[in-house]
Amino acid sequence: HVMLTPRLGAEWVDKKYVDYYYGVRANEVRAGRAFYQGKSTTNAELGLRTMYLFNPHHAMFLDLSVTALGSAIKDSPLVDRSTENRLFVGYQYRF
């Protein structure tokens, strides 16, 4: 009644994405926040989903993952960590 689903993935994000979310434009520069223009990068993810099946229709799941941010994101003055951690808890009903 327990299912384990590991995953390993990579996500490439382009220069526009990194610059939009993590870049700092010239008019946004402040003390402690330098100008930063993003470039494309790749994030790596490792995760595990655990699902407990109560019966054929009802299940609960717990999904844990850690994402190692690419260097173009880590180098941004807006970012102070090199990883993102996620935890999802959910209920699933199957028809």
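**A walk through the predicted model**

Four aromatic pairs turn up in a search of the whole structure. Rings of Phe, Tyr and Trp (its six-membered ring) pair if their centres lie within 6.5 Å; planes under 30 degrees apart count as stacked, over 60 as edge-to-face and the rest as tilted. One of the pairs joins Tyr20 and Tyr21. Their ring centres are 4.9 Å apart, with 85° between the planes, and the pair is edge-to-face. Tyr20 counts as exposed because its relative accessibility is 57%. Tyr21 is at 48%, so it counts as partly exposed.

Residues are numbered from 1 along each chain as its sequence is written, and side-chain values use heavy atoms, with hydrogens and water left out.

Back to the rings. Tyr20 and Tyr21 also belong to one aromatic cluster with Tyr17. Elsewhere, Tyr93 and Phe95 have ring centres 5.2 Å apart and planes at 85°, so this pair is edge-to-face. Phe95 is exposed, at 89% relative accessible area, while Tyr93 is partly exposed, at 39%. The charged end of Arg49 sits over the ring of Phe61, 4.3 Å from the ring centre. Here the rule is that NZ of Lys or CZ of Arg is within 6 Å of the ring centre and within 35 degrees of the ring normal.

Now turn to the core. Which residues make up the largest nonpolar core? There are nine: Val13, Val18, Tyr22, Val24, Tyr36, Leu69, Ala72, Ile73 and Val79. Such a core is a set of buried Ala, Val, Leu, Ile, Met, Phe, Trp, Tyr and Cys residues joined through side-chain atoms within 4.5 Å. Helix 1 (15-22) and helix 2 (71-74) each supply at least two residues of this core. Helices (H or I, at least four residues) and strands (E, at least two) are DSSP runs, numbered from the N terminus.

Beyond its neighbours within four places in sequence, Tyr36 is in contact (heavy atoms within 4.5 Å) with Asp19, Tyr22, Gly23, Val24, Ser71, Ala72, Asp75, Ser76 and Pro77. Ser76, on that list, is placed in the loop between helix 2 and strand 4. Ser76 counts as buried because its relative accessibility is 3%. Leaving aside neighbours within four places, Ser76 is in contact with Tyr22 and Tyr36. The C-alpha atoms of Ser76 and Gly23 are 6.6 Å apart, though 53 residues separate them along the chain.

Arg81 lies in the loop between helix 2 and strand 4. Where Ser76 is buried, Arg81 is exposed, at 54% relative accessibility. Outside four places in sequence, Arg81 is in contact with Leu69 and Lys74.

Lys39 brings in another loop, the one between helix 1 and strand 2. Not counting residues up to four places away, Lys39 touches Lys15, Val18 and Ala72. From Lys39 to Ala72 the C-alpha distance is 5.9 Å, across 33 residues of chain.

Next come the strands. Ser65 lies in strand 3 (residues 58-68). Its relative accessibility is 9%, so Ser65 counts as buried. Tyr52 belongs to strand 2. Tyr52 counts as partly exposed, at 39% relative accessibility. His1 and Tyr52 are 51 residues apart in sequence, but 5.7 Å apart in space, C-alpha to C-alpha. Tyr52 touches His1, Val2, His58, Ala59 and Met60, again not counting residues up to four places away.

Where does the largest share of the lining of the largest pocket come from? Strand 1 gives that share, with three residues. Strand 1 (2-13), helix 1, strand 2 (41-53) and strand 4 (83-93) are the elements that give two or more residues to this lining. Among the lining residues are Tyr17, Tyr22, Glu45, Leu69, Ile73 and Glu84.

Notes: This is a predicted model: local features need pLDDT of at least 70, side-chain atom pairs count only at pLDDT 80 or more; totals for chains, interfaces and linings use all residues. Buried means under 20% relative accessible area, exposed over 50%, partly exposed in between (1.4 Å probe, protein chains only). On a 1 Å grid over the protein atoms alone, a cavity is a set of points where a 1.4 Å probe fits but cannot get out, and a pocket is an open set with protein on both sides within 12 Å along at least five of seven lines; lining residues have an atom within 4 Å of a point.
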